[in-house]
Each structure stands twice: as structure tokens, then as C-alpha cells.
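Colleague: I am new to this one. Could you show it to me and take a few questions about how its features get their labels?

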Amino acid sequence: MEDYCCAEREKLEAWLDNHLEFTHTYFIRKASREMVNGWFAERIHSIQPSASKKNPLQQRAHQSSTDSTSLSASNILPSTLCFLDNRCPSPATVPSPAPSIPTRKISASEFDRPLRPIVVKDSEGSLTFLSKGDRQTVPVQGGSMMGEGGVSEGVSGSNVDHCARLLQLVKDVSSHLDVTALCHKIFLHINELMAADRYSLFLVGEDSSNRKFLVSRLFDVAEGSTLEESSSSCIRLEWNKGIVGHVAATGKLLNIKNAYEDPRFNAEVDLITGYKTQSILCLPIKNHRDEVVGVAQAINKKGGEDSAFSEQDEKDFSAYLAFSGIVLYNAQLYETSQLENRRNQVLLDLASLIFEEQQCLKVLLRKIAGTILSFMQAQACTVFIADDDSMNSFSSVFYMEYEELREVLVAPKRDCDVNQIDYMYAQYVKNTMRPLNISDVTKDQRFPWTRENSDHNSNQIKSLLCTPIRNGKKDKVIVCVSYVGVCQLVNKMDEASGTVKAFNRNDEQFLEAFTIFCGLGIQNTQMYETVERAMAKQEVTLEVLSYHASAAEEELRELQVTVVSTVPSAQSLRLMDFSFSDFDLSDTETTQGTIRMFLDLNLVQNFQMKYTSLCQWVLSVKKNYRKNVAYHNWRHAFNTAQSMFTLLKSGHLQNNFSDLEVLALMIATLSHDLDHRGVNNSYIQRSDHPLAQLYCHSTMEHHHFDQCLMILNSSGNQILSGLSLDEYKTTLKMIEKAILATDLALYMKRRGEFFELTKNSKFVWEDEQHKDLLRSMLMTACDISAITKPWPVQKRIAELVAAEFFEQGDKERRELNIEPIDLMNREKKDKIPSMQVSFIDAICTQLYETLAGMSKFCSPLLEGCQKNRQHWNRLAEESEKGLVTGLV
């Protein structure tokens, strides 16, 4: 089947080849825009001319200028034009010799151009620079348009409709972006009107020093010549020299009847080739801003030896060249959009190269220097990092030469002699924060050190470019540790000749753009190194703190001597009484009482706790409560844990919780105020304490939990080592929630939900969210359980709380220069009874009523709270009458 199709295809192609007139007519009637564009793309971009193959017409290049030179496209085409012609690659695309350095995808001159992408697609998918709203369809009169170089069917060449030709060009301009192909088509159209022997097109270009010149895009287009033949030469002409250069500089046409009578004409090539140039018509091509962007030239009007170009020829030529200006403008816009994409790609590559290294500043500086050397083609690069402690010195210097790019190294193979590095220019740029570009150091007399060391510098530095390294903001240098960076390049090398040349404005702008990424990369790496050092210090600090936070060996041995059988019972210590008080217990008895609670709750047995680990953990917790805090100390933690133990045992709640929940609650109650400083969250926030920077809410509660984790993870304190991984994670999560629940602000937010569930008998023990809510309420109930103790105990505890609050008030007045609230104000101590009544009514009563409703065995808490309210209310009334002051 395939062989049959191939045979039929060959027959069809042979028939079309034998009937060219039909084929031509069919193509004109049926071909779509995509087919034509595809034909041009295939014909243009597949051309790869050999360096040894020359067009015979190239020999006439010198007729256009007195000093024109035939060069390769890669040497003479301006960078702004190279992109449009794949036959003329830019020298900037030569890959870097170092495998670790990115390929130079764009030259410095291309990087310097202002770009904005405005290319759109029409309804057929073709690229255009006119949006649908801007484009207007022009009606065409008189049937089908001309084909390339031909006429419409049934119309003779002598009766060609000029307007139809122009309209055809307008349609081509609106959808095509290739300069060479369209201008070749224009010249073929013009040839049928003017009948000249030769046509040439030159475009205006600029070198890196902004000097203008002309370069041929089409040369010696003749009747029957192909696009490949006409565009195979690249001729460069000087500005304002010769006939073409004069027209480009003045912007005025030249119509020369006899070329040999014009002094600007060079007849040398005519003598060599035997071709005689008689008449010349040369016109400028201008854009919409009336700027000359090219020059078109017609040579030798047909019709006889003395024939000259007429005024009508000038008008026709000018009319068609107006469309050439549109073509050039559109092509340049299209080119800028492509260059913008390439510029973005280069910056992304550079950013990726820099930001992939975040750990070592030396490795990063090597990548920065290597990348800059590859793109800028400089002889050497030096990166200075300034010393934050001194304005006149640098903390580190990295030096790299271009030859080192050929070697794949992570670090330099040799150490640079820092005595040979000239710091003065870098210091000058650091102080001024402005780039410094010196074309010839030996001739620059602005700096005294240049004159003093002129002989030394002449052998080393010729051209110099020095730029400050910023962090992205032009008025702000790298702020990691107030570093200012400076990048210095010396001796820009000419790739063709190998000689040293000056850095130009394009180099300045490229280096300035690149150093922004360098600044960010250096800043990030410095921050990473700073964090690494901080983490190392933190590790050492934690090791020291762990040692000092752990229980003393003597105290640990003393507690361990007390075997399980001799630990005082809960009854002897009255641990199961709601009226418990620790005032009569020694510190040793409090630690023994803690162990007794763990034993009686079966936590030691259920979780295979080592007795020595439990003893050390209890003593470590005790040690991490500050002794200089009046109330929130170890005794408060022990009382809170005893209240939880009483609720679980005497309140008959233990059976409603799992062993893990009981374990988490007991650890949380003992740890809920670890490292308390005797001040509340409000004070921590207002005093800008470092703890306030760590957490946005429940500051101290988060700190308490962190301390709890530190102790649990310290050597010898791992009482949770018998848990599985899942059990360990679950327990820690419950401990965290329980400790955070002691923040009264969170309690006030959540208690409404709890009260509503119990009031409506909707509390479900099997619901994990309900149990989590209950655990939080129990933590608060135990934390404030002092309000339920017998009146003598409650009054004494209230005195301790008041002493701590008054101490905070004194700090607020002394350090924050603010007037403390009544609760913290020593001068308002007579209001303590009334404030206690308010506290009981707002915080305590409803909570204890709810717990008593859930279990009648918890009612002693409510009863104790109500009795104490009566006592406080009596004191408040007596205080109002002036009979008592404060707690007396």
C-alpha cells in the first residue's frame, strides 16, 4: 500500500512539473497564509552558506563606499540584527570554556536594550504586531493579487495595478516579520515599475560605542536572482562616507545620472569587474519617527546607456520604501520581544546558578566570579566583601582569573597574593556606591595612587570596571551584617584580536544587573552561615543548660535510695484530699509525693518507666522552676498536679480516660509553668522580650511546653521511652494542648462550648473533641484550684499571688513607664477582696458547677470555692467601710 502511494505521488509531482502554468495559478488561488509563511521559513532558515563560496556579485561591494569592506556576518552584523538572521550568529554565543559556567545566551549589547514584548497572534495563528482592534481590512479591487515577481491571472505586466501591488505589500507587512524576504519581494515589485539593473538594501546598525554604520541585508538584487544569492553577502559601510553613507547621514535621496561625475563614487571595482555603473538612485528608509533605519539603492536604469532615473521613479521607489520602513520597524519590535525572553532566560540561569549554593560563601564567590568572567570576557575578577566593623577595610577578598575557567574546581587551585590586589578603586566605589569605569588606567589622573604607581599599573591593569554589589534596593546595601560588596573587573579582552579594550556602557549595565543577584546570593549565604553558627551555639547552649537543668547527683541519689515500698502513701501525704495543702511538706516530700501519684495511677507499671529516670525527671522539673518567683514556682506545679490526681482518683474520672491521657495530664500539670518569670504574657509582649518574637499568642505557655520537651529529651529523663512512636506523638500533642489550655485567654474562648455541651447533656465521652475540651477545662480547674482550698490556705496563697503581681506592677512602672492595672498595683491592694470576688464569679464558679454536674464526687471544689467567696465578699464589704486594708 505504501509503495502504491509513493508511486502515485511521484506521478502527481511529475505532472505538476510539466504543467507549471497550472501549478502557479493553482497556488495563487488556493494557497493560505500559513503555506506561504512555511515556504519562506523553509527557504530562509535552511540556508547555511559556506565560507569558501562567494557570490560573484560581491566583487562590486566597493562601488557603494570608498572604504567598504567585505566581512563575515558574525563580525559586522549589529547585535540588534543578528537575531533575525540565523546565518549570522553573534560572537557572544560562543560557549564558555568552563563546564560549570553557563553558556552566554545573550551579549552585553543585547542586554542593554530597552525591551517590551508586544507580539500577538492573529486569528490564523500568525505572529503580528497589530492587534485585531488596530488592524483594518482594506478592500481589494480588481480580483486576485499578484504572486511573487508575477502578475495576477489574465493581467499583462504593462497594465499592473499599482494600488493592488501596494495593498498586497500592506497585507504581507501585517503578517510577516522577516526583513530579508519581504524587502526582496519589494525589490522585485519595484523592478517591474522602474526597470533598474541592480538593487541593494543596507540597514543602520550601532556598535557598542554607539557609533553608527551600515550593513547590507540584500546586495545586487537583479531580475531572476534568488533570495539566497542576494542575501549571501554581508557588506559593512562607514557612516557618512560614499553615496550610501551620505544618504543615511543626511536622510535625503540622491538621483545621480552619471556616477563617474560624482566625487563620492568609487570606480575601482568597475575597472576590476568590467561592469560599468552609469546611474544611481539612492533613497533613505525611515521609521514612524522619521529616523533613518536603512538605505535602498538602485543602479543603472534600463533603456539605454544614457538612461537616468526619472522623478516618477523616485516617487515609485519612495512609495514602496515606505513599506520597507514598516517592515523594519515591525521586525525590530519582534526582535526586542525575543531579546526580552532571552534576557529573562539569562537572568533566570544566573539566579539559578547563584542560589543553588547557599552553604559556603567561598564557593558562591567562585561561581559569581566565574560567571562574570565568562559573560564579560574580562581578564580578572575580584569580589570584595567589606568589614562591618571598619569603613576602610574588607573582611574577605576573592580573586579569579579568566584562565581558571578552563579547570573544573570547587575552590581555587592557588591562593592569591593579596598584596598584589589594588584595593583603592574598590574602596572608592564602596564609599561613593557608584560604578567606576576607567578606559585606560595609565591615562586617568583622577586618583593620586594612579600617578604614584603609573609604571606598576601599566604592566597589570589597562581598563577597569568596578561596581557596588547591592541587595536589590539602590539605596540600601547588603544588610545581613551590614556588609557592602564590590565587584571589580580588569582588562576587557577583545575576542578577535586578544587585545585589551575599554569596558563600555553595555558592560556597566550588564554588570549592574548581575550584581543585584550576586548581592542577594551573598546575603542569603551570609545569613545561612550566621544561622549555622547560631545553631551550633544553640546546640552548645542546650548542652550546658541540660547539664545545669538536670537534677543534682546528690539529690538524685538521695531520692533513689527511697525504694518504691518506702515512698510515703497518698493517704499519709493527704494527696487524695481536695483540701490538700503543701505548706507542711518539705521539698523532698513533694518529690516523693509526685512519685507516689505516678505509682498510684499505674503510670510507672503501664509504661515501663525506669524508676531512676522518673526520679531524675521529677527533680529536673523541680529545678527548672525559679525559686525567686513568689507563686508560680515548683510548689504551685506540685499543687496543680495534686489537684489533677485528686480529680482522677477521688473525683472518679480516671476510668473515663485512657492511660495515655492520664499520663499526658500528669506531665502537663507538673510542667505547665516551667521557667515562669513571675510576669504574664502582656508584660512579655509590651517589654519586647525575645520570647515575644517566638510566638504571636500564649507566649509563656508555648515557652513552658518547650521547656517540658527539653527536659523530656534530656539524657536520663526519658520517662516516655517505653512508648511506641505513635503513642509518643499522641502523648506530646495532648501535653501541648493541655499546657496551652492554662492560658486564661484561651479558656475564656472555649469554655462556652463546654458549658453548652454539658448543660444540654450532649457531652459524649467517646467523642475525642469533647474529651479534648474536657482535658482543657480540667487543666484550668487544677491551675486555679487554690481558690477552692480551706480559707487559711486560700488567704495565704492569695498573699503569694498578690506579692508576685505587685512585683510585676513595680516593673511596669519602673521599666515600661506605665501605670499598672489595679490587680498589679501595690497602691490598690485594698481592692484585692473585691477583685477576688470578681475573679470567682467570672472565672471559677461556673467551671466548678459544671464539673460537679458531671461527677458529684467533684463537688468539694465548688463548695470550697463558694465558701471562699463568702470570706472575700465579707472582706470587701469591710474594706469599703474602712475596717480592714487589703488581706488583713
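Colleague: How do the axes of helix H23 and helix H24 lie, and at what angle do they cross?

Modeller: This is a predicted model. In it, the axes of H23 (residues 634-649) and H24 (residues 659-671) come within 7 Å and cross at roughly 155 degrees.

Colleague: Why is H23 called roughly antiparallel to H24?

Modeller: Angles over 145 degrees count as roughly antiparallel. The crossing angle here is roughly 155 degrees, so H23 is roughly antiparallel to H24.

Colleague: Which residues make the contact between H23 and H24?

Modeller: From H23, the residues include Trp634, Phe638, Met644 and Phe645. On the H24 side, Val662, Leu665, Met666, Thr669 and Leu670 take part.

Colleague: What makes Phe22 partly exposed?

Modeller: Buried means under 20% relative accessible area and exposed means over 50%, with partly exposed in between. Phe22 has a relative accessible area of 40%, so Phe22 is partly exposed.

Colleague: Where is Phe22, and which residues form a nonpolar patch with Phe22?

Modeller: Phe22 sits in helix H2, which covers residues 20-30.

Colleague: How many helices and strands does the protein chain have, and what share of its residues is buried?

Modeller: The protein chain has 33 helices and 16 strands. Of its 888 residues, 50% are buried. The chain exposes about 43400 Å², with 51% of that supplied by carbon and sulfur atoms.

Methods
Residues numbered from 1 in each chain as written. Predicted model: local features only at pLDDT ≥ 70, side-chain atom pairs only at ≥ 80, totals over all residues. Heavy atoms only, no water. Helix = DSSP H or I, 4+ residues; strand = E, 2+ residues; numbered from the N terminus. Buried < 20%, exposed > 50% of the residue type's maximum accessible area, 1.4 Å probe, protein only. Axes fitted to C-alpha atoms, helices over the stretch in contact; angles between N-to-C directions. Parallel < 35°, antiparallel > 145°, perpendicular 65-115°, else oblique. Contact = heavy atoms within 4.5 Å. Areas by Shrake-Rupley, 256 points an atom, 1.4 Å probe, with all protein chains shown as cover.
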